[in-house]
Amino acid sequence: MLKVMLFVGLLFPGLLLAEDSDTRVYIKVGEASIKKSLIAVPPFALLSTASLAPNHKQIGTDLFNTIINDIEVSNLFTIIKPEAYLEDPTKVGITPAPGNPTGFHFEIWSKINTEFLIRGAYKISDMGQLEFEIYCYSVPQAKLVLGKTYMASTKDARATAHTFADDLMKALTGKTGIFRTKFVAASDRAGHRWKEIYVMAWDGRDIVQVTNHHAISLSPSWKPNGKTISYSSSAYHPGLKSRNWDLFTYDIFAGKRFLISSRLGMNTGSTFSPDGDWIYLTISKTGDPDIYKINTDGNDPVRLTNGPRKTMNVEPNVSPDSKKIAFSSDRSGNPMIYTIDTDGSNPKRVTFAGKYNSSPCYSPDGKRMAFAGRDGDHFDVFTMNVDGSDMMRLTSAKKPSGRMANNEYPSYSPDGRHIVFTSDRSGKNQIYIISIDGTNERRITVDDYNYFQVRWSPYLEGVAN
Amino acid sequence: MKTNLLTVPANLSEPEIFKKMLVTSFVFHVILFLAFAFKTLILPNESLTLDPAIRVDLVALPDKVAKLPPPPTPAKPQEKAIESKIKKNEPIVLHPKHEVKESAIDKIRKMQKMEQLENDVRRQEAKERAARQAKAREILLKGNSVSPGSALHGLAKAEFNEYLVQIHQKVKENWNLPEWLQNEKLKATVIVYMDYRGVVIRRLLEKSSGDSRFDDYVIKAVDDSSPFPAPPSKFVDLVRVDGIVLGFPQ
């Protein structure tokens with residue numbers, strides 16, 4: 001055998017010899033390029049029922065559109081256009097041949113390089129019960145990846161579709177999908193005079209008003225259990241004969257509201273600790289806005305920042321490991337991002353670029369941080385390592401007037417692959433999402449209202465709807 | 001009539017007026033001096049606060065880098081792919097190079113350079129041969145029988161290295177994974193055997209990653225890379241019989 005001794009690695013990185021290099025030629029190929037998988041999702045078949053109501057087809061359309069949208073947003077797939085199909089999905093079954101004699105054929109789907117094929121069918125009982133049978137196959141392996149039958153009320157058709165999309169992500173990636181998560185945001189939907197707090201599905205559907213203060217309510221935040229939100233409202237105090245920025249929590253499922261802190265001045269910008277036992281917020285009872293932590297009853301306040309005088313320390317956000325707090329402060333002149341330990345020690349300035357950096361938000365893995373930064377006349381969403389390095393601008397958009405739009409208040413999805421933010425590029429402050437690499441930007445709300453300070457919920461799997 | 005320092009009697013002459021004003025000025029200056037001396041020496045000084053200067057560097061935020069997603073792979077029928085591969089396998093027609101007229105001096109210079117290069121290679125090979133023989137003698141003393149081996153050296157080694165770089169580039173172009181598999185840190189190795197044209201005649205999954213989906217993408221990368229660049233004639237046996245081991249990713 002020809003012995004080959006090579007030292008190519010010194011000249012060409014990536015081409016290196018392995019341990020048995022004295023006998024064989026070994027090439028290290030290196031890391032793969034990321035590609036999107038080709039997926040085919042033919043429309044779902046409606047299995048005939050005794051009494052076909054007119055809305056039954058619409059339910060199928062809702063199921064289909066919801067799953068298509070979820071798959072597109074995942075940014076993991078390219079959906080094959082129906083015109084490319086070589087097999088008519090309406091003329092074959094939803095399970096493969098030869099097991100099902102009238103089933104579809106893997107080899108036909110393989111000819112158009114299909115990697116994954118989703119086939120589904122549904123029927124609706126006379127009692128209005130939806131039965132949705134759906135499968136995902138790996139075409140190259142001719143193998144079933146996921147197959148389930150979901151039973152739900154017809155009004156929960158979209159939730160059922162989101163559940164399948166989450167299950168699909170789990171089956172393929174091993175990680176839970178984000179398609180049952182929600183947003184909380186402040187909005188002027190109830191009237192332009194006030195702003196109330198609203199909860200909605202991550203795709204902007206099923207918007208529910210959760211406060212009715214007839215006041216300006218802002219800075220909502222999720223408790224890690226996904227059942228409670230905190231927010232601040234300019235509540236009227238008859239004793240003071242004036243309004244004060246008080247902190248409230250709201251139990252979404254019980255429908256109960258609790259006053260947590262009404263200390264004189266600001267009680268705003270709240271965020272929960274990862275264990276849910278503490279609330280970090282800005283309190284200005286001493287005159288200057290500083291960051292405090294209080295327990296979930298509003299007691300045991302601990303002051304974490306202390307000046308300098310006439311400066312603000314606002315918008316705290318706790319790292320997932322509960323060791324650091326990021327916040328915005330103008331102690332050096334322009335508002336910049338700083339971090340401190342959760343006991344208030346070890347302050348460190350993180351951003352030095354731009355004129356105004358605000359609303360920091362840690363990624364779920366604690367390695368990156370998103371924030372809104374302004375260097376010209378508008379804000380954009382940025383991400384960076386938690387030490388301030390490797391800064392990256394994610395957004396850049398223009399308004400209809402041609403001026404640059406503001407993109408603000410970033411918040412990570414629980415899987416860390418997407419960021420939600422608000423933007424006034426349409427003329428109204430609407431909700432958008434974007435992948436963390438700055439691609440796949442999508443508008444979520446499409447209406448004439450304004451939304452502010454949107455926050456992405458934690459995973460809500462197992463949390464009652 | 002009462003007078004004071006500031007009033008000037010009308011009956012005084014000009015020199016007397018000047019003298020009086022001079023005295024007046026002196027008295028005021030003395031009072032002023034005493035007042036400052038009293039303030040400075042007797043009254044407590046205000047503390048002087050020295051705040052550290054804050055230096056703020058204004059740095060621009062980075063621009064958005066246009067990071068376009070890779071264009072989706074067009075869904076093309078398999079027959080077409082096979083057809084295109086067959087085309088690639090057609091024998092390559094070599095056209096004669098253009099003859100460039102060179103001056104006699106250029107030719108002599110080139111010949112001299114070639115000679116020098118050959119001498120260098122001969123010297124290097126002689127040195128390596130001597131080293132091998134010395135090592136063999138050393139080992140023979142212990143009773144072993146050592147052959148000189150068939151390791152590549154000199155120009156042959158450089159030529160083979162260059163060929164491996166081409167192989168690496170070709171397979172790297174076709175080495176793609178979905179995001180969820182890339183994050184799994186899986187590893188697999190494949191032995192690739194190819195003919196004199198670089199067409200893969202056999203590939204063997206030597207070490208599975210343990211995830212059949214990852215293994216399939218590894219095999220696909222090899223299949224999509226075939227035909228590889230044709231090996232130089234002296235290495236045809238090597239790539240056909242021994243094969244080349246590809247590590248995905250390492």
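This is a predicted model: local features need pLDDT of at least 70, side-chain atom pairs count only at pLDDT 80 or more; totals for chains, interfaces and linings use all residues.
Local features were taken at pLDDT of at least 70 and side-chain atom pairs at pLDDT 80 or more, whereas totals for chains, interfaces and linings use all residues. Residues are numbered from 1 along each chain as its sequence is written, with chains lettered from A and ligands numbered from 1 in the order in which they are written.

Chain B is divided into domain 1 (12–42), domain 2 (104–151) and domain 3 (153–250), the bounds coming from an automatic or database domain assignment. Between domain 1 and domain 3 of chain B, the C-alpha centres are 104 Å apart.

The largest nonpolar core comprises 100 residues, and A:Ile39, A:Phe183 and A:Ile419 have the most contacts inside it. Here a nonpolar core is a set of buried Ala, Val, Leu, Ile, Met, Phe, Trp, Tyr and Cys residues joined through C-beta atoms within 7 Å; a residue is buried if 20 or more other C-beta atoms lie within 10 Å of its own, exposed if 12 or fewer, and partly exposed in between, with C-beta atoms placed from the backbone. Helix α4 (residues 157–173) of chain A supplies the largest share of this core, 7 residues. Because domain 2 (37–173) and domain 3 (182–456) of chain A both contribute residues, this core lies between them. A second, separate core of 30 residues includes A:Val25, B:Tyr163, B:Met194 and B:Phe228.

Helices (H or I, at least four residues) and strands (E, at least two) are DSSP runs, numbered from the N terminus. The 17 residues of α4(A) should span 24 Å at 1.5 Å a residue, in agreement with end C-alpha atoms 24 Å apart; the expected span is 1.5 Å times one less than the number of residues. Buried residues of α4(A) include A:Arg158, A:His162 and A:Asp166. The buried residues of this helix pack against α2 (55–74), β7 (129–138) and β8 (143–153) of chain A, together with α5 (179–182) of chain B. Just after α4(A), A:Gly174 has a positive phi of about 80 degrees.

In chain A, 4 strands form an open antiparallel sheet in the order β28-β29-β30-β31, with β28 (407–412) and β31 (442–443) as the edge strands. Strands pair if DSSP finds at least two bridges between them; β28(A) and β29(A) (residues 418–423) are joined over 4 bridges, and A:Asn407 stands opposite A:Ser423. Beyond its neighbours within four places in sequence, A:Ile419 has contacts (C-beta atoms, placed from the backbone, within 7 Å) that include A:Ala370, A:Pro410 and A:Ile434.

Notes: Two residues are in contact if their C-beta atoms, placed from the backbone, lie within 7 Å.
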